[in-house]
Amino acid sequence: MFIKFIRQLKYIIPSENCCYNRWVSTTAQKDASQLPEKRKTIETDKLVDAKKVKLDTKSPKYKKLNLTDEKYDETSYYFENGLRKVYPYFFTFTTFTKGRWVGEKILDVFAREFRAHPAEEYQRSIETGKLTVNYEKVPSDYRLKHNDLLSNVVHRHEVPVSLQSIAIVHMDEDIVVVNKPASIPVHPCGRYRHNTVVFILAKSHNLKNLRTIHRLDRLTSGLLIFGRTSTKARELEQQIRNRQVQKEYVCRVEGRFPDGIIECNEPIQVVSYKIGVCRVSPNGKDCKTTFQRISEVGDSSIVLCKPLTGRMHQIRVHLQYLGYPIVNDPLYNHEVFGPLKGRGGDIGGKSDDQLINNLIKIHNAENWLGMEEGGILPIANPIKCEVTNSRENESLTEIEAQHTKLKSMVDSIKDVGIEEPIDPFDPIKTTFDPFCHECKVIYRDPNAKDLIMYLHAWKYKGVDWEYKTELPNWACKELIDYDTL
């Protein structure tokens, strides 16, 4: 039960690391009085009271209300520059006090454990009652106790994702099979909530309460299966757990991959769950992946991958170990793993702690928020999300006018296959929090190359079922006869 509880918590506890593909939709002055009359604003006291009522009650009568619909209606999408974006919205994160926090001051805990914002911002949240304990306002020197429930009302800005449609491969009364585009996480995590596959399917196709059977990395595209009933979900989960499901992936790696079938049996260890990084280690769990070169494309190779186990980042880590990392893997194709980039398990003599610290400094765990004007960019950040000037001296009207001009870019995305009508940015639909530092900074949108990794889940075959997806363009499907594989 404890493990199940922890798994549930990770969907509601924010990852305070932020994506280095990070983007904030708009900027604004601190003076809320300058907001346009139609623009939505929420007074802190009213906001806290509303969230308290929503979270505090557990009566059966209240549960009959469709809370799922309320979650989906928190905000809406708009489409811009080939991206699916989410209007900023107010959201309440909740978590119970962890054992190591007991006896510590609440401000000290948030300043240390949640690094997305400076300590001054958490101090202000405590003083204004946005950050509460058991739904009660407390002083900043309050010492946490066992079972204290922490609630933090935040103004949430999500990371944009690709506007490429989520194609439905198969659907019946028991399951939904889709082709997931790269850049979209499967379920809410970190800085993503509405920009996830489960939310997009619910909001765009009315496919709600889907049960996750397996997962793909955010940057990995391809076949994804959801259960529509608990019975079917358990059945397919059992097949995967018993290794009765054959999986085939296609990737594109650096260099000329060796001839024949290459098998990698190196055990993989999770170095850090918090930042999501693994490496080959004798202390890891058993792993097995087979690889076969399909074709050469310039100085890279198209490779067929068959993972016989399902460890975290298994294909990516095994390819790194073999010395043929995925061409545009932002994590495992990086010199942070040493001069050899982890080939043969060589990470340059670093300890796991040193590796983690270096990853945080350089990548900030694939969730880089960026910084306000005057900050310093992380060294060797491969994505180069450039921060433009702080706009505190511009009026909201000027900002919105400049933002609206970007709507002309929408016409360039007609070829990506959109399941909804194009809906450009509407300043009336957005919200603003004068104390939200993300409202004061604007970032350049990520480029298409920043939203994709050359790894695709192609085929899954289980007991009496088999599904496959269309291959992406980087797999050179026009030049390679995949039907013979």
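1. Overall composition. The protein contains 11 helices and 18 strands. The model is a predicted one. Of the 485 residues, 51% are buried. Among contacts with a separation of 6 or more, 70% are between residues 24 or more positions apart. The exposed surface comes to about 23200 Å², with carbon and sulfur atoms supplying 49% of it.

2. The annotated position. The "active site" annotation, taken from an unreviewed UniProt entry, covers Asp217. This residue is located in the loop between β9 (211-212) and β10 (221-227). Once neighbours within four places in sequence are set aside, Asp217 is in contact with Lys180, His313 and Arg316.

3. Thr196. This residue belongs to the loop between β8 (175-180) and α7 (197-205). Its relative accessibility is 0%, so Thr196 counts as buried. The side chain of Thr196 reaches the backbone oxygen of Arg193 at 2.6 Å. With neighbours within four places in sequence left aside, Thr196 is in contact with Ile184, Pro185, Val186, His187 and Pro188.

4. Aromatic pairs: Phe110 and Tyr122. The structure holds 14 aromatic pairs. In one of them, the ring centres of Phe110 and Tyr122 are 5.4 Å apart and the planes meet at 55°, so the pair is classed as tilted. Phe110 is in helix α5 (residues 106-113) and Tyr122 in helix α6 (residues 119-128); the two are 12 residues apart, and the pair links distant parts of the chain. Both partners count as buried: Phe110 because its relative accessibility is 5%, and Tyr122 because its value is 2%.

5. Aromatic pairs: Trp458 and Tyr482. These residues form an edge-to-face pair, at 5.5 Å centre to centre and with 75° between the planes. Trp458 lies in strand β17 (residues 455-462), whereas Tyr482 lies in the segment after β18 (465-468); this pair, too, links distant parts of the chain, its members being 24 residues apart. Trp458 is buried, at a relative accessible area of 3%, and Tyr482 is buried at 6%.

6. Aromatic cluster and charges over rings. Tyr78, Tyr87 and Phe425 make up one aromatic cluster. Two placements of a charged side-chain end over a ring may also be recorded. Arg156 has its charged end over the ring of Phe91, 5.2 Å from the ring centre. Lys203 has its charged end over the ring of Tyr77, at 5.1 Å from the centre.

Notes
Residues numbered from 1 in each chain as written. Predicted model: local features only at pLDDT ≥ 70, side-chain atom pairs only at ≥ 80, totals over all residues. Heavy atoms only, no water. UniProt positions renumbered as here; feature names shortened; annotations may be inferred. Helix = DSSP H or I, 4+ residues; strand = E, 2+ residues; numbered from the N terminus. Contact = heavy atoms within 4.5 Å. Buried < 20%, exposed > 50% of the residue type's maximum accessible area, 1.4 Å probe, protein only. Polar contact = N/O pair within 3.5 Å; in protein donor to acceptor, adjacent residues only side chain to side chain. Areas by Shrake-Rupley, 256 points an atom, 1.4 Å probe, with all protein chains shown as cover. Phe/Tyr/Trp six-rings, centres within 6.5 Å; stacked < 30°, edge-to-face > 60°. Lys NZ or Arg CZ within 6 Å of the ring centre and 35° of its normal.
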